[in-house]
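Trainee: Could you show me how to read the salt bridges in a model of this kind?

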Amino acid sequence: MLVLVINAGSSTLKCQLIETDGKISRMKFLADRIGAEQTDLTLRFLEAGVKRKAALEKASIEECLEWLLQALVEDEASPISSLGEIDAIGNRVVSGGEHFDRSILIDDEALSLIKECEILAPLHNPPADACIDHMRKLLPDVPQAAVFDTAFHQTMPAKAYMYPLPMRYYEQYHIRKYGAHGTSHRYAAQQAANLLGRPLEDLGLITCHLGSGGSIAAINHGKSIDTSMGFTPLDGIMMGTRSGSIDPSIVTYLMRRENLSFDEMDAVLNKESGVLGITGITSDMREVLQMAKLGNGNAQLAIDMYVYKIQKTIGSYYATMRRLDAVVMTAGIGENSTELRELIFAGLAHMGMILDKERNDVSGAIGMNRIISIDDSPIKICVVTTDEEMRIARETDALVNGEDATNLPADAFA
């Protein structure tokens with residue numbers, strides 16, 4: 001099946017055209033800075049080895065989709081010559097709230113419920129909904145699926161997802177922990193099980209999705225039992241520009257002291273904090289590591305804080321799990337930063353997570369799933385290259401064919 005995967009962000013649009021039978025990506029597309037003075041488009045036809053670049057003025061997400069579809073039909077390097085060759089569309093939707101505990105095929109009723117969840121992810125859900133609406137207009141006969149970041153975490157017990165607030169806030173407004181990055185955590189867990197040569201259902205895992213945004217999940221027997229992101233993706237570990245968990249009273253204190261509006265305070269927490277807030281210069285960990293080597297004290301502090309908060313979260317999940325077989329590192333930082341992995345596990349060796357420095361070296365191993373702990377480490381350390389789009393494509397394929405999209409076979413992404 002040929003699936004067009006659509007991953008809409010607050011200012012970006014990522015798409016892939018994936019042949020699910022061979023698990024092959026045939027096209028990748030990125031639209032960056034949507035709505036800005038100039039929106040940059042990058043399109044790669046992988047089999048032909050061709051890259052196209054273009055720019056649009058103040059492009060909407062709908063205009064970016066239309067540009068992509070036109071290129072798919074008209075570009076001589078495209079793997080298809082007609083939009084009729086697209087069998088299905090898989091959409092990444094950040095929040096499904098409590099409505100959805102699994103991926104679904106989208107009909108009018110489902111779409112109405114999806115739109116109710118916009119308030120839970122106001123930066124990410126509206127663009128995803130706009131893509132769904134637009135593709136229904138452009139390709140009305142092509143089935144669409146929604147794959148939710150929150151769905152994987154719907155197995156958390158109430159003791160993990162409830163907040164100690166008056167119960168009426170949960171009953172009226174559904175305020176609870178939802179988590180995020182669920183598609184990535186689910187994918188990474190299955191890949192780790194493949195690496196370990198054991199069924200996912202037999203394992204206790206902690207998966208660490210570490211990128212510009214970051215979250216950590218505790219997974220027992222293939223099910224999420226806790227995760228660091230909360231009611232929104234702001235909660236949890238320190239991130240590129242997001243604060244992660246802080247004393248809630250800081251929010252009201254700063255709003256009073258600096259006379260900040262709700263939107264201004266939201267911007268401080270989501271766009272001005274985290275690694276960027278501490279360095280005052282950048283949120284890119286590659287640059288921060290280089291700055292620290294040159295003696296920048298704030299850069300070193302950002303690294304120390306980032307590593308410490310990850311170590312604390314891993315340790316707290318270890319304490320709540322009956323068994324832990326492996327810790328899994330994935331996403332941009334988790335997959336690619338030899339230095340940060342070494343720093344993180346240097347503080348966890350006493351818990352049985354013992355890194356092998358040679359195996360940890362990323363040189364020549366980019367994109368390779370592998371075990372980087374020593375042979376007799378009681379708890380294994382794995383690196384997995386995340387592929388959310390492939391997971392979305394395979395789940396979409398299963399849904400269209402009337403199969404169980406949640407429990408795909410272990411070799412579904414091999």
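The dialogue below takes up confidence and then salt bridges.

Mentor: This is a predicted model, in which local features need pLDDT of at least 70 and side-chain atom pairs count only at pLDDT 80 or more, while totals for chains, interfaces and linings use all residues. Residues are numbered from 1 along each chain as its sequence is written, and side-chain values use heavy atoms, with hydrogens and water left out.

Trainee: What is the mean pLDDT of the chain?

Mentor: The pLDDT is the predictor's confidence in each residue, from 0 to 100, and its mean over the chain is 91, with 97% of the residues at 70 or more.

Trainee: How many salt bridges does the rule give?

Mentor: Side chains of opposite charge can pair when their charged atoms come close. The rule asks for a side-chain nitrogen of Lys or Arg within 4 Å of a carboxyl oxygen of Asp or Glu, and the count comes to 20 salt bridges. One of them joins Lys 58 to Glu 37, with the closest N and O atoms 3.5 Å apart; these two residues are 21 residues apart and link distant parts of the chain.

Trainee: Is Glu 339, which pairs with Lys 293, exposed or partly exposed?

Mentor: Exposed means over 50% relative accessible area, buried under 20%, and partly exposed in between (1.4 Å probe, protein chains only). Glu 339 is partly exposed at 35%, whereas Lys 293 is exposed at 55%; their salt bridge spans 3.3 Å from N to O.

Trainee: Which residues are linked in a network of salt bridges?

Mentor: Such a network links Glu 19, Arg 26 and Glu 47.

Methods: Helices (H or I, at least four residues) and strands (E, at least two) are DSSP runs, numbered from the N terminus.
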